[in-house]
Amino acid sequence: MTNQISQTAHIAKHTVSSLANNNENDPYFKPVEKTIWQKIAKYKTFYLMLTPAILFFIVFSYWPMTGNILAFRKFSFNSGMYGKGWVGLQYFREFFTDRQTPIYIRNTLIISAIKLFVYLPFPIILALIFNEIVNTKHRSFFQSVTYLPYFISWVVVIGMLNKLFAPNTGLINNLLRNMGISDGSKFYMMENKFFYPAVFGAYLWKNVGWDSIIYYAAIMGISPSLYEAAAIDGANRLKQTRHVTLPGISKTIMILFIISLGGILSAGFDQVYLMQNPGNYQVSEIIDTYVVKTGLEKARYGPATAVGLIQGLVGLGLTVGVNKLADKYGENSLW
């Protein structure tokens, strides 16, 4: 009993002393919890620096989201931004009962799968190649060459593609004519079977170098001691890549894959719209082009908003679902 009283008195003495001296190093000192406004006042400089970014997202991201109400309201040019009168689910029924809708969805999923699954290994392979180049100058040169197409507009890229495969005057047709394979008059860009390979080739050429940056950065973050241990165990460069490098960047690959799933119904409007023509319309008309043509060309903002809302909800659902699976069966989830 005497020991307990002495211990209690000792704690009380230190507590009073800590409060009196505001000694944060004392083990018995417990600081008073600050309110959110006190924290903002304390770090007001940092919050002031953060203000432009917050305003940017409010003005260009969150405020425009309120326009999704047009998916349930009737818009007219004298009704204001949010329309006038409720129409319920009319625009959603209109989209799903359209005979062309299955074609739009099919084309969108095919192009998205090409860009998401078929394309995925190429930036990883390029990053692995960069990692194997020992000479720094050579590596920097090849990295710069592969990065540059990313900064070229899709308008220029598709213009180059049209010139390359143009009938009679295009480089490919001239080459085939000189080799005696064809007469050089074939219009490749008008053919359905040529459209998907052209989409993949152009997308690969433009983006592979830029997308390899984050994978290369992840490779640089792997501890050199792991490679040394693997080399001591007798692993060659190929086995080191398989058993050290790829597992080391697996989390990065999974996180980027989860993020990419959010755009599964957005196959890339710029590229597809510029490559679209009457000859390949059946394989090039996607949800994104339908939304733009319906909303901007036909001024039917309600149906366009409804389809855009569907795209966002499906992307959100896929992202959340795959993230939960990744969290359940591994440690590669976003949150």
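The helices named here (H or I, at least four residues), like any strands (E, at least two), are DSSP runs numbered from the N terminus. This is a predicted model, in which local features need pLDDT of at least 70 and side-chain atom pairs count only at pLDDT 80 or more, while totals for chains, interfaces and linings use all residues. Residues are numbered from 1 along each chain as its sequence is written, and side-chain values use heavy atoms, with hydrogens and water left out.

- Helix α16 is mostly covered, since 8 of its 11 residues are buried.
- The buried residues of α16 are Ile287, Asp288, Thr289, Tyr290, Val291, Lys293, Thr294 and Gly295.
- Lysine 293 also forms a salt bridge through its side chain, meeting that of glutamate 285 at 3.0 Å, N to O, and both lysine 293 and glutamate 285 are buried.
- Just after α16, alanine 299 takes a positive phi of about 60 degrees.

**Salt bridges**

- A salt bridge is a side-chain nitrogen of Lys or Arg within 4 Å of a carboxyl oxygen of Asp or Glu, and by this rule the count comes to 4 salt bridges.
- In one of them, the side chains of arginine 300 and glutamate 94 meet at 2.7 Å, N to O.
- This pair links distant parts of the chain, with arginine 300 in the loop between α16 (287–297) and α17 (301–329) and glutamate 94 in helix α4 (residues 90–96), 206 residues apart.
- Arginine 300 counts as partly exposed because its relative accessibility is 32%, and glutamate 94 counts as partly exposed because its relative accessibility is 29%.
- Another salt bridge joins the side chains of arginine 237 and glutamate 132 at 3.0 Å, N to O.
- Arginine 237 lies in helix α12 (residues 237–248) and glutamate 132 in helix α6 (residues 121–132), so this pair ties together parts that are 105 residues apart in sequence.
- Arginine 237, at 41% relative accessibility, counts as partly exposed, and glutamate 132, at 36%, counts as partly exposed.

**The largest pocket**

- The largest pocket has a volume of about 540 Å³.
- Of the 25 residues that line this pocket, the closest to its centre are Lys115, Tyr119, Tyr203, Asp211 and Ser260.
- Two or more lining residues come from each of α5, α10 (192–220), α13 (250–261) and α14, and the largest share, 6 residues, comes from α10.
- By class, the lining has 15 nonpolar, 7 polar and 3 charged residues, where Ala, Val, Leu, Ile, Met, Phe, Trp, Tyr, Cys and Pro count as nonpolar, Asp, Glu, Lys and Arg as charged, and the others, Gly among them, as polar.
- On a 1 Å grid over the protein atoms alone, a pocket is an open set of points where a 1.4 Å probe fits, with protein on both sides within 12 Å along at least five of seven lines, and lining residues have an atom within 4 Å of a point.
- Grid points are joined across faces, edges and corners, and the volume is the space filled by probe spheres set on the points.

**Two single residues**

- Asparagine 323 has its place in helix α17, and at 1% relative accessibility asparagine 323 counts as buried.
- Leaving out residues up to four places away in sequence, asparagine 323 touches Ile258, Ser333, Leu334 and Trp335.
- Proline 64 is found in helix α3 (residues 44–65) and is partly exposed, with a relative accessible area of 37%.
- The C-alpha atoms of proline 64 and serine 112, which are 48 residues apart along the chain, are separated by 25 Å.

**What the UniProt record lists**

- In an unreviewed entry, UniProt places the feature "domain: ABC transmembrane type-1" at residues 105–322, and over this span the chain is 75% helix and 0% strand, with end C-alpha atoms 21 Å apart.
- UniProt positions are given in the numbering used here, with feature names shortened, and annotations may be inferred rather than shown by experiment.

Terms used:
Buried < 20%, exposed > 50% of the residue type's maximum accessible area, 1.4 Å probe, protein only. Contact = heavy atoms within 4.5 Å.
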